[in-house]
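Here's a quick tour of one protein chain, going from the overall fold down to a single side chain. Have the viewer open as you read.

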Amino acid sequence: MIASVRGVVAAIMPDGAVIEVGGVGLQVQCAPGTLANLKAGAEARLATSMVVREDSLTLYGFADDDEKHLFELLQTASGVGPRLAQAVLAVHQPETVRRAIAGGDLATLTRVPGIGKKGAERMVLELRDRIGPMPIADGGPAGVLNGAWQDQVRQGVLALGWSAAQADQAVAAVAEGIDGDVPPVPVLLRQAIRLLGKAR
């Protein structure tokens with residue numbers, strides 16, 4: 001597999017670029033955001049993922065390894081092929097995609113052309129547990145996590161031994177009590193544990 005390419009940008013097209021590596025021009029499919037950072041005649045490095053089909057070999061290029069890994073992970077969801085995975089990264093930053101999947105934010109996912117409500121639900125269901133932990137921004141606004149706090153609180157409650165049904169009930173109860181900005185996740189987790197303690 002070709003994991004990355006480094007070379008001179010020989011040409012830029014609407015949906016990709018040609019990178020000359022050792023005298024060979026490699027055509028790489030790229031999202032608009034990646035293409036915007038390339039300049040014809042200048043050297044560039046792209047993280048790449050090769051998709052092998054019966055009738056084609058297609059090289060997809062990304063600004064960094066994080067985008068590439070997310071592109072590959074998205075394709076493990078039912079009904080998501082390389083074109084759709086690339087469309088997701090064309091519309092959203094990787095961190096936005098991770099937060100949307102972790103927090104079950106269907107509205108964000110359905111902004112991508114080709115993803116309907118059912119497709120978004122399937123992505124959340126199949127990828128939520130594999131998307132990795134969400135970083136908590138230090139000193140950021142309390143509500144910066146949007147939908148992601150629910151999953152973090154739910155995971156915390158599950159780790160403490162409660163059932164999935166109890167975790168969902170606690171998250172719903174905590175959400176009802178929020179008025180205005182969302183407090184930090186540790187505060188929300190303590191609230192959930194208090195509610196579950198009363199229910200026992």
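## Ground rules and overall fold

Helices (H or I, at least four residues) and strands (E, at least two) are taken here as DSSP runs, numbered from the N terminus. On that basis the protein chain has nine helices and five strands. Reading from the N terminus, the order is β-β-β-α-β-β-α-α-α-α-α-α-α-α.

Keep in mind that this is a predicted model, where local features need pLDDT of at least 70 and side-chain atom pairs count only at pLDDT 80 or more, while totals for chains, interfaces and linings use all residues. Residues are numbered from 1 along each chain as its sequence is written, and side-chain values use heavy atoms, with hydrogens and water left out.

## Size and burial

The C-alpha trace of the protein chain spans about 70 × 40 × 25 Å along its principal axes. Of its 200 residues, 38% are buried (under 20% relative accessible area, with exposed over 50% and partly exposed in between, using a 1.4 Å probe on protein chains only).

Now take contacts, meaning heavy atoms within 4.5 Å. Among those in the protein chain with a separation of 6 or more, 49% come from residues 24 or more positions apart.

## Helix 2 against helix 3

Two packed helices are described by the angle between their axes and the distance between the axes. Helix 2 (residues 65-74) packs on helix 3 at an angle of about 135 degrees, and their axes are 9 Å apart. That angle makes helix 2 oblique to helix 3, because angles under 35 degrees count as roughly parallel, over 145 as roughly antiparallel, 65 to 115 as roughly perpendicular and the rest as oblique. Axes here are lines fitted to C-alpha atoms, for helices over the stretch in contact, and angles run from 0 to 180 degrees between N-to-C directions.

Who meets whom? On the helix 2 side you'll find E67, L70, F71 and L74, and they meet P82, A85, Q86, V88 and L89 in helix 3. The residues of this contact split into seven nonpolar, one polar and one charged (Ala, Val, Leu, Ile, Met, Phe, Trp, Tyr, Cys and Pro count as nonpolar, Asp, Glu, Lys and Arg as charged, and the others, Gly among them, as polar).

## Zooming in on Q86

Q86 belongs to helix 3 (residues 82-91). Is Q86 buried or exposed? Its relative accessibility is 9%, so Q86 counts as buried. Skipping neighbours within four places in sequence, Q86 is in contact with Q29, C30, A31, Y60 and F71.
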